[in-house]
Amino acid sequence: MKKKIFITCAAAMVSYGATYAQQDVLSYVHPEIGGVGTLLEPTRPTMQLPNEMMRMTPVRADYLDDQISSFPLLLVSHRLGQVFAMKPNNDQQLSESSYNTRLAYDQGAEQRAPWHYYTNLVEKDITVDYTVGKKVGFFRFTFPAGSPKRLLFNTYYGGRNWWRFDNDSTITGMQVYQVEEGHQSIPVYVYGRFNKAAKAGGFTNGNATTQQQVEGEKAKAWVSFDGADNVVEMGYAVSFISEAQAKQNFLNELGSGQTFEQVETTAKAAWQDVMGQIQVEGGTPDQRRSFYTALYRCYERMVNISEDGKYYSGYDNKVHTDNRPFYVDDWVWDTYLALHPLRTILRPEREQDMLQSYVRMYEQSGWMPTFPVIFGDHACMNGFHSSVMVLDAYRKGLKNFDVAKAYEGMRKNATDATMLPWRNGPKTTLDDFYHERHYFPALKSGEKDPVKEVHPFEKRQAVAVTLGGAYDDWAVGQLADDLGKTADAKTFNARGQNYQYLWNADRQFFLPKDSAGHWIQIDPVFDGGMGGREYYDENNGWTYMWQVQQDIPGLIKLMNGKEGFEKRLDQLFREGLGRSRYEFWAKFPDATGLVGQYSMGNEPSFFIPYLYNYTKSPWKAQQRIRLLLKTWFDDNIFGIPGDEDGGGMSAFVVFSSMGFYPMTPGVPRYTIGSPVFSRVTVHLSGGKDFTVIANGCSEVNKYIQSAKLNGVAINTPWFTHMQLMNGGTLELEMGSKPNKSWGIE
């Protein structure tokens with residue numbers, strides 16, 4: 001008999017991979033949520049298929065910017081640029097300045113969905129529709145009667161670029177994509193067809209021409225359309241491999257004459273398949289919009305760039321053949337915490353393909369990547385958290401990737417690579433010091449760094465690097481244990497304890513030491529320069545106090561036991577900034593979503609509220625999580641408290657709204673919080689369901705009174721990944737006041 005695990009609603013069981021059509025969840029997806037960033041980057045309404053390469057969003061500053069600069073034919077990366085600028089034009093007289101004209105639009109009339117975009121360019125009276133496939137996009141422009149009908153094509157980068165018109169309804173092009181010095185520029189190809197005959201040309205030295213090919217640093221092309229029909233359509237495909245492959249990608253998806261509506265229908269079905277995998281009952285419409293929009297964001301990255309069994313790799317600048325898809329665009333410092341663990345539940349097959357992509361990157365470049373994008377490893381942030389990601393997947397039963405090769409890469413990073421933030425490559429003298437003395441040495445404030453490899457802005461981040469390195473080394477040691485590598489396990493598990501070398505028992509903070517082993521006396525709240533980067537990273541010592549996910553019992557011991565640990569957690573959420581928010585945010589713009597010194601707006605804070613489940617007061621985790629969700633993740637344009645980072649923050653919302661969270665990636669279990677829905681059903685592979693029922697759940701009734709797992713009473717706020725994936729029911733009785741005895745065993 002099949003088991004069920006309910007998180008909120010009973011539903012008919014389905015086989016994994018089927019379209020989950022029991023509930024219309026797509027109406028709750030509102031991509032404009034978070035469209036104005038608190039201090040840094042906003043979210044943007046990205047149109048794409050789940051985890052697929054073709055992505056588009058209009059180029060503008062944020063939701064409040066009422067002018068669009070252009071419509072890119074492809075977002076190459078989540079935050080690292082786009083190629084092939086296009087915009088509609090109906091000027092009576094075309095000039096080169098027309099390419100620089102920004103297009104006013106009506107935010108209130110704009111329609112945004114992952115599978116369809118619509119806007120009205122109010123001053124030009126042109127409407128724009130867009131829908132998307134795997135490697136193709138489809139634009140439809142409706143011009144006002146009697147006006148000129150043109151499309152203008154431009155570039156975003158210099159270098160060799162070209163546009164060519166092979167006949168009166170076909171356009172091809174190539175643009176060079178390069179956004180980071182030291183990485184090879186990448187040619188990207190496009191092949192497109194219009195729904196009607198066009199006249200074509202371009203601009204050379206400021207003069208309009210009717211050349212059939214335009215080439216140069218800033219190649220500009222145009223097409224114009226005659227006739228009474230005011231609708232212009234353009235279907236197109238892109239390729240990182242070749243011009244011929246771009247055409248083949250077009251033929252694969254649009255070659256049978258598919259209409260705009262047919263492409264849109266297919267795209268919408270793809271989103272229904274992934275979004276319908278989690279179904280909820282109860283909660284408010286606001287909470288449903290926040291939840292399902294967050295779930296949509298979890299499918300923005302990584303993206304599959306394979307084309308007919310081939311892919312271009314920026315890790316050795318070659319085209320490879322592979323029978324498995326190749327995924328890029330992952331910022332692991334953000335995504336290893338919750339997004340990758342969420343995918344091990346929802347799409348384990350896809351997660352394994354992503355892990356194998358990491359293995360391929362290691363084979364091709366010599367290093368396991370930290371922020372793998374199309375052009376190679378974008379050295380960003382600190383740590384080798386792909387090691388934690390691999391361990392977490394392996395321990396959750398995902399083994400359809402080259403585990404031995406992945407371990408080889410993890411070990412090489414841990415022994416031979418530099419730990420310096422925002423740097424790639426071989427180890428430095430600072431890394432040798434870490435391996436010998438067990439901590440990353442810091443400098444006194446204002447002291448000039450003698451190590452040339454240190455990034456001039458990002459600094460050493462000595463405490464953050466030590467703490468992150470300990471977690472990563474622990475992951476290597478744990479996988480070594482699982483693979484029977486006894487000597488390695490002993491070495492790296494010991495290094496997983498390196499966090500202890502920077503704990504200052506007197507001040508109860510992790511603090512920096514110099515190379516002589518002396519404490520550097522700092523204010524852990526505010527010292528360290530911009531973002532605290534001399535010692536921490538984007539956050540201060542209050543956030544980094546808790547960064548020992550691999551050994552929380554050890555951290556509790558450092559804080560003098562559970563009572564001291566709980567008091568310190570309470571203080572975190574109550575401690576004042578000691579200065580104005582203006583002054584604080586001028587130095588720590590990433591540390592947004594503040595509650596006391598707790599920063600909901602930055603990834604290292606995600607697991608901290610759940611630490612109360614290690615104390616004698618798990619009810620405080622329930623209280624804190626509900627407050628954080630209600631305060632910082634509302635369903636409006638300000639509804640994300642920090643940089644979303646393509647699923648990093650959204651996965652926190654998905655997990656926490658369902659009522660559980662992966663406290664320590666690498667340990668295959670979940671800790672229980674406070675679900676916002678009365679019932680959540682997660683459809684799993686093989687026709688199983690996991691359901692969480694929260695009886696009596698409401699905004700007031702947020703406290704767990706009692707719990708059962710598959711009908712058996714539990715008094716611990718934990719369950720395992722195996723229990724989840726086997727299917728079953730977690731049933732919670734909720735109340736308005738805490739049950740202070742539940743969850744403490």
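## Cysteines

A disulfide is a covalent bond between the sulfur atoms of two cysteines. With the requirement that the two sulfur atoms lie within 2.5 Å, the count of disulfides in this predicted model comes to zero. Cys-380 is accordingly in no disulfide, and the nearest cysteine sulfur, which belongs to Cys-298, is 19 Å away.

Are Cys-380 and Cys-697 buried or exposed? Cys-380 counts as buried because its relative accessibility is 8%, where buried means under 20%. Cys-697 also counts as buried, because its relative accessibility is 15%.

Strands of a sheet pair through backbone hydrogen bonds, either parallel or antiparallel. In this model, six strands form an open sheet with antiparallel pairing, and their order across the sheet is S3-S4-S10-S17-S14-S15. The edges are taken by strand S3, residues 71-75, and strand S15, residues 207-209, each of which pairs on one side only. On average, and with direction ignored, neighbouring strands of this sheet are turned by 25° against each other.

One of the pairings within the sheet joins strand S4, which covers residues 82-89, to strand S10, which covers residues 150-154; these two strands run in the antiparallel sense and are paired over five bridges. Asn-89 stands opposite Arg-150 in S10.

## The largest cavity

Rolling a probe the size of a water molecule over the atoms shows where empty space is left.

Which residues lie nearest the centre of the largest cavity? Of the 15 residues that line this cavity, those nearest its centre are Trp-333, Tyr-336, His-385, Gly-468 and Gln-547. Helix H10, spanning residues 462-482, gives the most to this lining, with four residues.

The lining of the second largest cavity divides into six nonpolar, four polar and four charged residues.

Note on methods:
Residues numbered from 1 in each chain as written. Predicted model: local features only at pLDDT ≥ 70, side-chain atom pairs only at ≥ 80, totals over all residues. Heavy atoms only, no water. Buried < 20%, exposed > 50% of the residue type's maximum accessible area, 1.4 Å probe, protein only. Pairing = 2+ DSSP bridges. Axes fitted to C-alpha atoms, helices over the stretch in contact; angles between N-to-C directions. 1 Å grid on protein atoms, 1.4 Å probe; cavity = no way out; pocket = protein on both sides within 12 Å on 5 of 7 lines; lining within 4 Å. Nonpolar A, V, L, I, M, F, W, Y, C, P; charged D, E, K, R; others polar.
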